Amino acid sequence: MNKREALIFREMNEHLSRLLRGDFSPVRPISAEAPDFQTLEDSIARLAALLAEAQNFVSALCQGKLEMDTPPRNPLIDPFKQMHANLRHLTWQTKQIAAGDLDQHVDFLGEFSVAFNSMIEALREKRLAEEKVLYVSIHDPLTDLYNRGYFEEEMARAERGRNFPVSIMMADLDGLKTINDTLGHALGDMLIKDAANVLRKAVRSNDVVARLGGDEYALILPGADAVCAARVVDRIREIEAEFNREPREYQVRFSIGFATSGVGEPLVETLKSADERMYRDKIARKAALAEAMVRETN
Amino acid sequence: MNADRKYEFTWALLGNITEGRPNLGHMMRLEVYRLMQFCFRDVMEQRHGNEEADAIMYQSGYLAGTHFHRQLIGETASLAELVKKLQSTLKDLSIGILRVEKHDEETGEIVMTISEDLDCSGLPVLDYEVCTYDEGFIAAILESALGKKFQVKEVDCWCTGDRTCRFRAVPVVG
């Protein structure tokens, strides 16, 4: 090695030492003085550039700057780019979870995946428990119809809404006390459930059917005028008759009353009117039954 | 159907594989698929030049993506649902492992990656992206599912030294 070559090697060695110390400043060009070393110089310059790029990328990654773009064509940072991709996907998955999607599953981050998936599972269980509590809080346990609390909430919602006219219907089950007293409460409960099914079958999916308690049911029919509500009564009567054609120890028989409310009319008053009409229907049905029995006796 | 066309694509052209290959079945070696794909590409490049070959690959991917969506994905109510269906379908068919990195609600930009990609994973580093077919495929699926046109560009690829292919999909304005 001559003196000039030794000098160039020392220079190159200094460049590499600087790189090892973390100094990625550009290499001082020496190939003009020594064209034979052009390739080596280019390689060192490229290495310095890749290392500088890698340092910036890894630093940004450590600071959690996931929005940065990954430097292309830099094999020194391949595993970090993979980690960057994983973290970006994980970020997207977390956003999905925050939006309510609990079907996300992580399978690319070792022990973290296990912990993360356990967290999602716990959230799923929590959601199920909350849904169960919510369900129980708004449903009647015997019939699975809505309960009085939910009915009142829905009535208030309907009053604030825009889907007028709204019809409110009261349906009172005839003869429940007699069934309970003569055939027992188990059969009485079956009657309550069957009656609920009759009502459920007669309405649209957006109507609200509730059991207010005992033998008392109530319906909210949004967007239904008096003609529509009368049609619902007809459907109830048809389904009731069909049910009663089967021989059983009891029959489903409703006394029904409804009233319709326009915009601005308080639904509490509508409910009151429906209730009054239901009682009138009950009296009329009782009278008709008594008359039929007298006729039968004679 | 155009009378001059011999093989206008329909899903039926894929045939009844169960009946046709009772012994060999649906599977074959990936090399065979790549052999066909890269030989097609080679000849297209020779005859039409690189740019036109890329355009043909993109358009072919787009056609495939449209049919793929119609036959195997179907309607989805949101991007999240689409991603979920697409992830499981691509994995079931051993096409690749899809992940979404970004969805910008304002601009509509979507960045997704495909690892172990059918077309390129394991190829030599060539210093340029090769998944042009995938670009068109993804563009068609996004368009079919989300109802707007997308321009999809591969920004990282196994062939540029990355371990995963990254695609940036940008809605086409106007």
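A residue is termed buried if 20 or more other C-beta atoms lie within 10 Å of its own, exposed if 12 or fewer do, and partly exposed in between, with C-beta atoms placed from the backbone. The structure is a predicted model, in which local features need pLDDT of at least 70 and side-chain atom pairs count only at pLDDT 80 or more, whereas totals for chains, interfaces and linings use all residues. Residues are numbered from 1 along each chain as its sequence is written, and chains are lettered from A and ligands numbered from 1 in the order in which they are written.

**View 1. Buried and exposed faces of helix H4 of chain B.** Helices (H or I, at least four residues) and strands (E, at least two) are DSSP runs, numbered from the N terminus. The exposed residues B:Ser88 and B:Asp92 sit on the face of H4(B) turned away from its buried side. Buried in this helix are B:Ala80, B:Leu82, B:Val83, B:Leu86 and B:Leu90. Seen down the axis of H4(B), these buried residues fall within an arc of 150 degrees (taken from the directions from the helix axis to the C-beta atoms), so they line one face of the helix. Their cover includes helix H3 (78–98) of chain A, together with helix H3 (50–73), strand S1 (97–103) and helix H5 (132–146) of chain B; contact here requires C-beta atoms, placed from the backbone, to lie within 7 Å. After H4(B) comes B:Ser94, with a positive phi near 55 degrees.

View 2. In chain A, 4 strands form an open sheet in the order S2-S3-S1-S4 with antiparallel pairing; two strands pair if DSSP finds at least two bridges between them. Strands S2 (208–213) and S4 (254–261) of chain A stand at the edges with a single partner strand each, so one side of each has no neighbour in the sheet. From one strand to the next the twist averages 20 degrees. Axes are lines fitted to C-alpha atoms, for helices over the stretch in contact, and angles run from 0 to 180 degrees between N-to-C directions. Helix H7 (residues 185–202) of chain A packs on the sheet, touching S1 (166–173), S2 and S3 of chain A, and its direction makes about 155 degrees with that of S1(A). Helix H8 (residues 226–245) of chain A also packs on the sheet, where it touches S1, S3 and S4 of chain A.

**View 3. Helices H1 and H2 of chain A.** The axes of H1(A) (residues 3–20) and H2(A) (residues 38–62) come within 11 Å and cross at roughly 10 degrees. The two helices are therefore roughly parallel to each other, a term for angles under 35 degrees, with over 145 counted as roughly antiparallel, 65 to 115 as roughly perpendicular and the rest as oblique. A:Met12, A:His15, A:Leu16 and A:Leu19 of H1(A) meet A:Leu40, A:Ile44, A:Leu47, A:Ala48 and A:Leu51 of H2(A).

**View 4. The sheet of chain B and its contact with chain A.** An open sheet of 4 strands in chain B has the order S1-S2-S4-S3 and antiparallel pairing. Its edge strands are S1 and S3 (150–156) of chain B, each pairing on one side only. H3(A) lies across S1, S2 (110–115) and S4 of chain B, at about 70 degrees to S1(B). The contact takes 15 residues from chain B and 14 residues from chain A. S1(B) provides 5 residues, the largest share of the side of chain B that touches chain A.

Definitions and conventions
Two residues are in contact if their C-beta atoms, placed from the backbone, lie within 7 Å.
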